[in-house]
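Thanks for making time for this one.

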Amino acid sequence: MDYPINLDLNNKDILIVGGGRVGFRKFKRLFFVGANITVVSREFNPAFDEYFKNDKENYNLLQRSFDEDDLKNKFLVFAATGNRKTNEDIAYLAGKEDILVNIIDNAGLSDFTVPAAHYRGKLLLTASTDSILPALSRKIRKDLEEKYGIEYQLLLEVMTEMRPGIIKKISDMKIRRKIFREIAGDIFLKKVKNIVNKEKITELDINQKSTTYQKAADYLIDEIADIIEAFVFDKNI
Ligand SMILES: C[C@@]1(CC(=O)O)c2cc3[nH]c(cc4nc(cc5[nH]c(cc(n2)[C@H]1CCC(=O)O)[C@@](C)(CC(=O)O)[C@@H]5CCC(=O)O)C(CC(=O)O)=C4CCC(=O)O)c(CCC(=O)O)c3CC(=O)O
Ligand SMILES: NC(=O)C1=CN([C@@H]2O[C@H](COP(=O)(O)OP(=O)(O)OC[C@H]3O[C@@H](n4cnc5c(N)ncnc54)[C@H](O)[C@@H]3O)[C@@H](O)[C@H]2O)C=CC1
């Protein structure tokens, strides 16, 4: 069985060997999370074209064959060539340097695999199948996209501001746990969803902290204050 872990790859040096269809999929997500990416590839999938144009970000696209020196000082390596033997060689060389590898055509030689992922603001939901049926991971990711909507992003955005204050103010851990479980419960989530629908809040509103977002956030902060009061004074809500 695999161990799930959420890695902070911001500014970490990552190597991808092979800029094909799969290499691009790995690249896109690494770019999204702020990694420092080097892609070495004999040829590049056209999906990389727009990235060749803006070559000033945290990535380096090198059109050539893989060289052992490419592994130097890398935090993680993805072997994503279409050549099984080359990918095997990369697994061996990276292993010698104690660098963790993902081998796109060989789960057995991989130190880690990549799950399908749905990001909803700060919520991250992932699916994997122990490498048995990646198409199922993809299908589950699509299901999660339907089920876990913008209300989760809104709630987490508001809680980013509120959680430290609640922890500071309420010293009793048991009461805090009750409060947080209530905020994460079905009843409260329904309220958040209603406000998303009523105010027509979009992802952009949340990211830009628009006035529509502020209005919704203020409403939720009041609701959360009511929950806190109810639990602190041990009322049954
Ligand atoms: C082991 C793993 C290694 C790794 O890449 O980390 C791996 C390996 C392989 N995948 C293959 C094929 C496909 N992969 C996908 C899709 C995804 N593959 C991803 C991960 C993983 N794929 C890891 C295990 C994850 C797990 O445990 O489930 C996802 C989840 C994440 C991502 O890549 O970002 C992403 C969905 C992203 C999304 O949409 O959300 C589709 C679907 C499609 O394209 O429709 C197909 C075609 C249909 C099919 O074969 O199922 C083949 C070739 C098989 C062959 O030769 O036929 C191999 C090689 C092999 O099996 O040896
Ligand atoms: N892990 C996954 O999610 C998936 C894995 N696969 C597996 O991955 C394999 C290939 O995936 P694709 O991206 O579609 O292949 P692709 O052929 O589109 O891309 C491979 C890239 O590697 C480059 N390359 C080959 N040898 C190289 C070398 N020595 N140095 C540098 N670059 C080199 C090529 O120029 C090419 O751009 C398939 O054979 C399949 O087994 C397929 C689908 C999904």
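Predicted model: local features only at pLDDT ≥ 70, side-chain atom pairs only at ≥ 80, totals over all residues.

Residues are numbered from 1 along each chain as its sequence is written, and chains are lettered from A and ligands numbered from 1 in the order in which they are written.

Around ligand 1 there are 20 residues, of which Ala116, Ser128, Thr129, Pro134 and Ala135 come nearest, where a residue counts as near if its C-beta atom, placed from the backbone, lies within 6 Å of the molecule. Sorted by class, this shell holds eight nonpolar, seven polar and five charged residues; the nonpolar class is Ala, Val, Leu, Ile, Met, Phe, Trp, Tyr, Cys and Pro, the charged class is Asp, Glu, Lys and Arg, and the others, Gly among them, are polar.

Ligand 2 has 22 residues around it, and the nearest of them are Gly18, Gly20, Val22, Arg42 and Gly82. Two or more residues of that shell come from each of strand E1 (13-19), helix H1 (21-32) and strand E2 (36-44), and E2 gives the largest share, four residues. The class count for ligand 2 is seven nonpolar, 11 polar and four charged residues.

Which residues have the most contacts inside the largest nonpolar core? That core has 24 residues, and the ones in question are Ile14, Ile16, Val17, Ile37, Val77, Ala79 and Ile90; a nonpolar core means a set of buried Ala, Val, Leu, Ile, Met, Phe, Trp, Tyr and Cys residues joined through C-beta atoms within 7 Å. The elements giving two or more residues to this core are E1, H1, E2, strand E4 (76-79), helix H3 (84-96) and strand E5 (100-103). Apart from it lies another core, of 11 residues, among them Leu155, Val196, Ile201 and Ala216. As background, nonpolar side chains in soluble globular proteins tend to be buried together.

Leaving out residues up to four places away in sequence, Val17 touches Val40, Phe66, Ala79, Ala80, Thr81 and Ile90, a contact being a pair of C-beta atoms, placed from the backbone, within 7 Å.

Arg25, in helix H1, is partly exposed, since 15 other C-beta atoms lie within 10 Å of its own.

Two backbone angles deserve a careful look. Asp98, in the loop between H3 and E5, has a positive phi of about 60° although it is not a glycine, and Asp98 counts as exposed because it has 7 C-beta neighbours inside 10 Å. Lys209, in the loop between helix H8 (203-208) and helix H9 (211-232), has a phi near 50°, again positive in a residue other than glycine, and Lys209 is exposed, with 11 C-beta neighbours inside 10 Å.

Finally, the overall layout. The chain has nine helices and seven strands, and it is divided into domain 1 (13-114) and domain 2 (150-232), with bounds that come from an automatic or database domain assignment. The C-alpha centres of the two domains lie 40 Å apart. What is the radius of gyration of the chain? It is 22 Å, whereas a compact globule of 237 residues would have one near 18 Å; the radius is taken over C-alpha atoms, and the globule rule is 2.2 Å times the number of residues to the power 0.38. The C-alpha atoms fill a box of roughly 65 × 40 × 35 Å along the principal axes, and 22% of the 237 residues count as buried.

How values were computed: Buried ≥ 20, exposed ≤ 12 C-beta atoms within 10 Å, placed from the backbone. Contact = placed C-beta atoms within 7 Å.
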